[in-house]
Amino acid sequence: MEKTEGEIIRAKLDSDQSQSQISHLALDIGGSLIKLVYFSKNNGSSDDDDGNNKHLVLQGRLHFAKFETCKINDCIEFIRSKKLHLGGVRLHDAPASDKILVKATGGGAYKFADLIKEKLGIIVEKEDEMDCLVAGANFLLKAVHQEAFTYMDGQKEFVHIDINDLYPYLLVNIGSGVSMIKVDGDGKFERISGTSVGGGTFWGLGRLLTKCKSFDELLELSREGNNRVIDMLVGDIYGGVDYSKIGLLSTAIASSFGKAISDNKELEDYKPEDVARSLLRLISNNIGQIAYLNALQFGLKRIFFAGFFIRGHAYTMDTISVGVHFWSKGEAKAMFLRHEGFLGSLGAFMSYDKHGLDDLSTHQLVQRFPVSGTNAGEKICCPLVGDLNDNDSIECGVYAA
Ligand code: ADP
């Protein structure tokens with residue numbers, strides 16, 4: 001029998017964590033997904049300089065995991081069984097477990113605070129969602145090697161980030177809904193726009209229209225589809241020719257799902273994969289265009305797209321990139337993040353330090369892989385081992401400050 005997501009994570013953790021000690025659990029409880037980040041210290045911490053002239057005092061791994069928000073009880077059980085909650089911060093004057101603080105962000109930090117306290121006996125310390133998103137994005141962009149990339153015509157290209165020339169940028173977080181945030185520095189940002197037509201819309205409408213049982217199934221289905229079966233193209237209106245006077249190719253979509261009105265067909269007459277493809281195109285195009293308009297209004301050239309809607313999916317990224325490129329006439333650039341879904345939880349993770357509650361705050365958590373100079377001095381840096389769209393972990397070292 002196929003293992004469930006929870007079982008796979010559990011098996012992995014059983015082998016990983018028998019030798020380790022958990023600390024700094026942070027949660028981002030969104031409308032669709034709960035994202036967890038936590039650090040596990042390896043026993044027998046090394047005491048060398050790691051070849052970086054820095055004094056390595058601790059080794060460990062930063063772990064990432066996610067659960068559907070509707071399965072919060074599974075998530076709580078997972079936390080309990082692995083004792084992750086004991087890796088929160090103990091209030092100085094309170095030895096009892098009900099005085100342990102765990103950082104959490106997202107609307108669910110409010111909605112589920114009582115449930116978490118009741119089931120795990122810990123206090124949820126709420127962190128602002130936008131603060132966390134921006135902190136997570138800045139951390140990833142400044143500190144993580146090969147975090148940002150462009151995606152065009154099937155080509156993924158890592159972007160070198162000059163940390164002295166990072167701001168301003170537009171952060172477009174595509175979760176259940178979409179937030180567009182102009183970021184001007186650490187903790188300096190403004191939420192300039194958003195749209196309710198986001199990842200939740202894709203998954204919600206897609207589920208109704210295709211009967212898919214999971215988001216990934218819907219995404220997979222869209223790979224095989226042909227949106228031209230349902231979308232009304234310029235060529236459908238112009239008898240197969242371009243509308244060249246205003247630069248519209250005959251293949252451009254004039255109206256998403258527009259053919260469905262004239263075809264005299266029922267939903268069952270369309271292939272689910274074609275429906276999924278049109279829907280993905282509609283949502284991605286729309287977000288790409290709104291993002292571009294905001295970038296234009298605020299004079300921003302760099303747009304970073306994040307959130308679990310993207311899911312590292314080629315067609316999604318391609319559609320967004322082509323949209324931004326087309327509307328900006330090549331002036332603006334769409335970029336994506338490898339840890340796309342974990343910005344908020346990483347921001348919450350780092351907020352332990354902000355409140356002076358952190359036993360790691362006297363040290364620096366730094367990436368452990370041979371990288372020259374550029375990231376030195378950053379607070380937290382981590383290497384990437386493969387893609388981190390799913391539950392995974394990365395190796396870190398903690399260095400004396
Ligand atoms: P939120 O914080 O609103 O939950 P996320 O960044 O976690 O936002 O993204 C949620 C979106 O990610 C969903 O609306 C859906 O489009 C997409 N998604 C990716 N994987 C899944 C999944 N396993 N279950 C549900 N939605 C998923």
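Trainee: How much space lies in the second largest pocket, and what makes a set of grid points a pocket and not a cavity?

Mentor: About 780 Å³ of space lies in the second largest pocket, a volume being the space filled by probe spheres set on grid points that are joined across faces, edges and corners. On a 1 Å grid over the protein atoms alone, a cavity is a set of points where a 1.4 Å probe fits but cannot get out, whereas a pocket is an open set with protein on both sides within 12 Å along at least five of seven lines. This is a predicted model, in which local features need pLDDT of at least 70 and side-chain atom pairs count only at pLDDT 80 or more, while totals for chains, interfaces and linings use all residues. Residues are numbered from 1 along each chain as its sequence is written, and side-chain values use heavy atoms, with hydrogens and water left out.

Trainee: Which residues lie nearest the centre of the second largest pocket, and which element gives the largest share of its lining?

Mentor: There are 28 lining residues (each with an atom within 4 Å of a point), and Thr251, Ala252, Ile253, Arg281 and Asn285 lie nearest the centre. Helix 11 gives the largest share, 7 residues, and strand 13 (253-255), helix 10 (272-297) and helix 11 (314-327) each supply at least two. Helices (H or I, at least four residues) and strands (E, at least two) are DSSP runs, numbered from the N terminus.

Trainee: How do you know what span is expected of helix 10?

Mentor: The expected span is 1.5 Å times one less than the number of residues, and helix 10, with 26 residues, reaches 38 Å from its first C-alpha to its last, close to the 38 Å expected. Just after helix 10, Gly299 takes a positive phi of about 65°.

Trainee: How many residues line the largest pocket, and which are closest to its centre?

Mentor: The largest pocket holds about 1,200 Å³ of space; of its 50 lining residues, Ser32, Leu33, Phe67, Glu68 and Thr69 are the closest to the centre. Domain 1 (5-128 + 343-400) and domain 2 (148-230 + 270-337) each give at least three residues to this lining, the bounds coming from an automatic or database domain assignment.

Trainee: Why is Ile237 said to be in contact with Ala254?

Mentor: Contact means heavy atoms within 4.5 Å, so the two residues have heavy atoms within that limit. Neighbours within four places in sequence aside, Ile237 is in contact with Met232 and Ala254, and Ile237 itself is found in helix 8 (residues 234-237).

Trainee: What joins Tyr167 and Pro168?

Mentor: A cis peptide bond joins them, with omega about -5°, and Pro168 sits in the loop between strand 8 (155-158) and strand 9 (169-174).

Trainee: Where does pLDDT stay under 50?

Mentor: pLDDT, the predictor's confidence in each residue from 0 to 100, stays under 50 over residues 1-19, and over residues 369-389 it is below 50 as well. Where pLDDT is low, the predicted coordinates should not be read in detail. For the chain, the mean pLDDT is 83, and 77% of its residues reach 70 or more.
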